[in-house]
Amino acid sequence: MPSDSPLSRLTAALEATVVGQPHVITDLVTAFLARGHVLLEGVPGVAKTLIARSMASALGLQFTRVQFTPDLMPTDILGTNVFHPAENAFRLVRGPVFTEVLVADEINRTPPKTQAALLEAMEERQVTIDGTTHPLPPHFFVVATQNPLELEGTYPLPEAQLDRFLMRVRVSYPEADSEVAMLRGFHQREGRPASVERVLDVATLTELQARAARITCDESILSYVVKLTRETRASPRVRLGASPRSAQAILAAAKARAALQGSDFVTPDDVKAVVPSVLNHRLLLKAEAEVEGITPDDVLRQTLEQVKVPR
C-alpha cells in the first residue's frame, strides 16, 4: 500500500493513537471498507472504545456511544414518537442509532429485546418506528464491545445477532514496549485524552468502499472460499458450521483486505487473513469438543491447513 494513499493515512493516524493493536486496526478498517460491522471482544481497559472513537474521528463521521445496561429499552436506542399538544401531532425524537458510527459498549449487558433492536439497523441500514421506516446514513457502522470474562448479569448474543457482525475481533493486552509507549503518550499529553484528526472526506470514503466492492476475484478464489466453509461443516468437532452467508462475508472481507493492501485482485492470502475474524463467532462446537478445550480458532486453523490453496 503506497505511503501516501488514503488508506495508509487512515491506518497511520489510528496507529499513532491506538498503540500496540495493529491487527485490530487492520480488521476494523477492513470491515468498514466491506460495509460490515465489528464486535470487539476484550477485557476492560484495552482501549476498545478508544479504537472506535479514533476510527470515527479519522473518518470524519458522527460518533455516538451507548452504554448498554440491563434496564435499557429498545426505544432508548431507536427513539420514539412524542405527542406535541401545541402542534396536535406526533414528532419523532431520534435515538442514538441515528448516527454514522455507533459504539455499543458492553452489548451483552442488555436483554435480548434491546439487542434485537439493532438487527434491522445493522442489516438494512434503516429502522422502523411505529410502522414508519427511517433510513440511516450510508456509512452507518456499528462497533460493539463485550467483555468475555464477566458472565454475571450478561445476556450472550444469540447466533442471529452475532451473524450480523462481519467480524469478531479480539483485543488483547499490548506488548511491554507498546504499553510503555502508551504510558509515555499519556504523560506527554498531561493526562488529556488522545485525539485523532480527520484524514478522509466523505467522497473519498464512498469511493474507497466502492473500489473494495469492485476488486477482481478469480473463480478459483470463489471455489476456495466455498471449500473452506464446507470443510467447517464437515468437521467432527463442529455442531453448526459456516453458512452460505458466511462465505459471502469472507469474500467481502477478502476484497476489502486486498483493497487495503493496494491490490487490484483477491489472493488466497487475503482470504486466509480474514477467515479467523469472520468465522470465529459463526461456528458452534459440539459439547465434547468444548470439554476438551477446543476453540473455534483451533478448528479454523485446522481448516486452513487442510483445504488446498489454489494456484
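I began with the helix pair and noted that α9 passes α11 in a right-handed crossing (the near helix is turned clockwise from the far one by less than a right angle; helices are DSSP runs of H or I of at least four residues, strands runs of E of at least two, numbered from the N terminus). The model is predicted, with local features needing pLDDT of at least 70 and side-chain atom pairs counting only at pLDDT 80 or more, while totals for chains, interfaces and linings use all residues. Residues are numbered from 1 along each chain as its sequence is written, and side-chain values use heavy atoms, without hydrogens and water.

I then looked up the contact (heavy atoms within 4.5 Å), which is made by Arg211, Ala212 and Ala213 of α9 and by Lys255, Ala256 and Ala259 of α11.

Turning to the sheet, I found an open arrangement of five strands in the order β2-β5-β8-β1-β9, with parallel pairing (two strands pair if DSSP finds at least two bridges between them). I noted β2 (63-67) and β9 (167-170) as the edge strands, each pairing on one side only.

Between β1 (residues 38-41) and β9 I found four bridges, and Glu41 has Arg170 in β9 as its bridge partner. Helix α2 (residues 22-33) packs on this sheet, touching β1, β8 (141-146) and β9, and its direction makes about 165° with that of β9 (axes are lines fitted to C-alpha atoms, for helices over the stretch in contact, and angles run from 0 to 180 degrees between N-to-C directions).

Last, I checked β3 and β4, which form a hairpin with four residues between them, and saw that Phe83 stands opposite Phe90 in β4.
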